[in-house]
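Subject: A structure to look through, with notes

Dear colleague,

Please open it first, and then read the notes below with the structure beside you.

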Amino acid sequence: MSVQILWYVQSADGPVPWEPDGVWGSGRDRVLAQARTIDRLGYHGALLPTGPHDPLTLAAAFTPVTERMRFLVAVYPGITSPTKLVDQALALDDLSGGRLLFNVVNGNDSWLPEYGMRLPHDERYAYSFEYWDAFRRMFGGDRSGYAGRHVDLAARTFDVPLMFEPEAVQPSIPLWGAGASPAGTAHAARLVDRYLAFADTPERLAVKFAEVRAAAAEHGRSPAFGTRLQVIVRDTEEEAWAYARSLLERTSLEAAVRMASWQLGPDGLDTPVESDDPRVHRRLAALRAGRLPDVEDLVFAPHLWSGPSPFGFDVVRPWAGTWLVGTPAQVAARIGDYAAAGADALILSGWPLIPEAIRFARDVFPLLDLDHGFPIPPYVEGAYDDLLAHVPAHAGSAR
């Protein structure tokens, strides 16, 4: 089964970017080098998350230095008017040659009020549906305005500027998005073109995808599916797990507890956890005793590891911080399992971002049936040295 592989653009890069001594700041040159790497290697695109660098601004900056990669831009509904987002999307999609995607995200109660968004979690999904419904209608040329419970827009008073050629933009911007709660699942079933799930075993993801597929069918819809993983790929399995061990050894107990709390909730390690997996209890017991879990106890399925990452420390269940670990053949086979479960798009990352993107494309791309919409360029040794020049020497290289 064919798959699409996307990489990740992150303003905080480095070999261990969740630790102060393992993170690099990413100024203009390094961030642009990330995009050039992804584009030249033949990735389908990259996720541009929210963060210190505004993702829509990043996509605009990447447009003139890339040719093929698609920009999966994370957007929180309500921070920007849907009308203004239409203007921005029309311009960026035209200038990039139709390479824009939107990642629909619901946000976090703790900091969204900083942007004036004060709706509670579930109500934000109701707002989000109206927001994106209005966006889609206006992007398609509807100038009549929008009257919803949350979104109320007057009719537009001007036509799309003449600079936009009709064939230069997509008929609509594809919407990708997640949502694991009942409200989030219902929202995704009504809205997104591709449903994204946090990583889990292929078997459990297949069950979740079936749930979303059935809910979407009630609205006459049939979304595609994808997931998000981090990856460690090395020539031998021993080398891959040795690298995983090195990441764990460079992680402080303080960082591990803090990142585990993202999954556990506000009570952190005091949160009672029910699980029939003894490894979960060993992980928590280790942290409560003031030490890190063993590498082996963080394995929850073949080649799937819940080690520390910039996205959390998944001590209870697979989630945002899950890693795929192994040889090129093992990693490719596991990706095949995800594709068979329905996830034909995978958003991957490895740290540092540039060397690991090069390594994955060199070693794993030839083993996959890729559907990127263009021929994948053959890997040429030394062809990416100008990009690796933006990686500090102590981080190593893809060779």
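This is a predicted model: local features need pLDDT of at least 70, side-chain atom pairs count only at pLDDT 80 or more; totals for chains, interfaces and linings use all residues.

Residues are numbered from 1 along each chain as its sequence is written, and side-chain values use heavy atoms, with hydrogens and water left out.

Helix pairs

Helices and strands are taken from DSSP runs and numbered from the N terminus, a helix being a run of H or I with at least four residues and a strand a run of E with at least two. Two packed helices are described by the angle between their axes and the distance between the axes. The axes are lines fitted to C-alpha atoms, for helices over the stretch in contact, and the angles run from 0 to 180 degrees between N-to-C directions.

Helix H3 (residues 82-96) and helix H4 (residues 121-139) have axes that come within 9 Å and cross at roughly 45 degrees. H3 and H4 are therefore oblique to each other, given that angles under 35 degrees count as roughly parallel, over 145 as roughly antiparallel, 65 to 115 as roughly perpendicular and the rest as oblique. In contact (heavy atoms within 4.5 Å) are Pro-82, Thr-83, Leu-85, Val-86, Ala-89 and Leu-90 of H3 with Tyr-131, Trp-132, Phe-135, Met-138 and Phe-139 of H4. These residues divide into 10 nonpolar, 1 polar and no charged, where Ala, Val, Leu, Ile, Met, Phe, Trp, Tyr, Cys and Pro count as nonpolar, Asp, Glu, Lys and Arg as charged, and the others, Gly among them, as polar.

At what angle do helix H6 (residues 202-217) and helix H10 (residues 328-341) pack? The angle is about 20 degrees, with the axes 8 Å apart, and H6 and H10 are therefore roughly parallel to each other. Pro-202, Leu-205, Ala-206 and Phe-209 of H6 make the contact with Arg-334, Asp-337, Tyr-338 and Ala-341 of H10, and the residues of this contact divide into 6 nonpolar, no polar and 2 charged. The crossing of H6 and H10 is right-handed.

Salt bridges

The structure holds 18 salt bridges, each being a side-chain nitrogen of Lys or Arg within 4 Å of a carboxyl oxygen of Asp or Glu. For the residues that take part, buried means under 20% relative accessible area, exposed over 50%, and partly exposed in between, with a 1.4 Å probe and protein chains only.

One of the salt bridges joins the side chains of Asp-29 and Arg-28, at 3.3 Å from N to O; Asp-29 is partly exposed at 41%, and Arg-28 is exposed at 65%.

Glu-123 and Arg-149 form another, with the closest N and O atoms 3.8 Å apart. This pair links distant parts of the chain, since Glu-123 lies in helix H4 and Arg-149 in the loop between strand S7 (146-147) and strand S8 (152-153), 26 residues apart. Glu-123 is partly exposed at 28%, whereas Arg-149 is exposed at 63%.

Arg-194 forms a salt bridge with Asp-344, the closest N and O atoms being 2.5 Å apart. Arg-194 lies in strand S10 (residues 194-198) and Asp-344 in strand S15 (residues 343-349), so the pair ties together parts that are 150 residues apart in sequence. Arg-194 is buried at 10%, and Asp-344 is partly exposed at 25%.

In helix H5 (residues 182-191), the residues Gly-184, Thr-185, His-187, Ala-188, Ala-189 and Leu-191 are buried. These buried residues pack against strand S6 (100-104), H4, strand S9 (175-177), S10 and H6.

Ser-181 sits in the loop between S9 and H5 and is partly exposed at 22%. Leaving aside residues up to four places away in sequence, Ser-181 touches His-121 and Tyr-125.

Glu-274, in the loop between helix H8 (253-264) and helix H9 (278-288), is exposed at 81%.

Technical notes: A crossing is left-handed if the near helix is turned anticlockwise from the far one by less than a right angle, and right-handed if clockwise.
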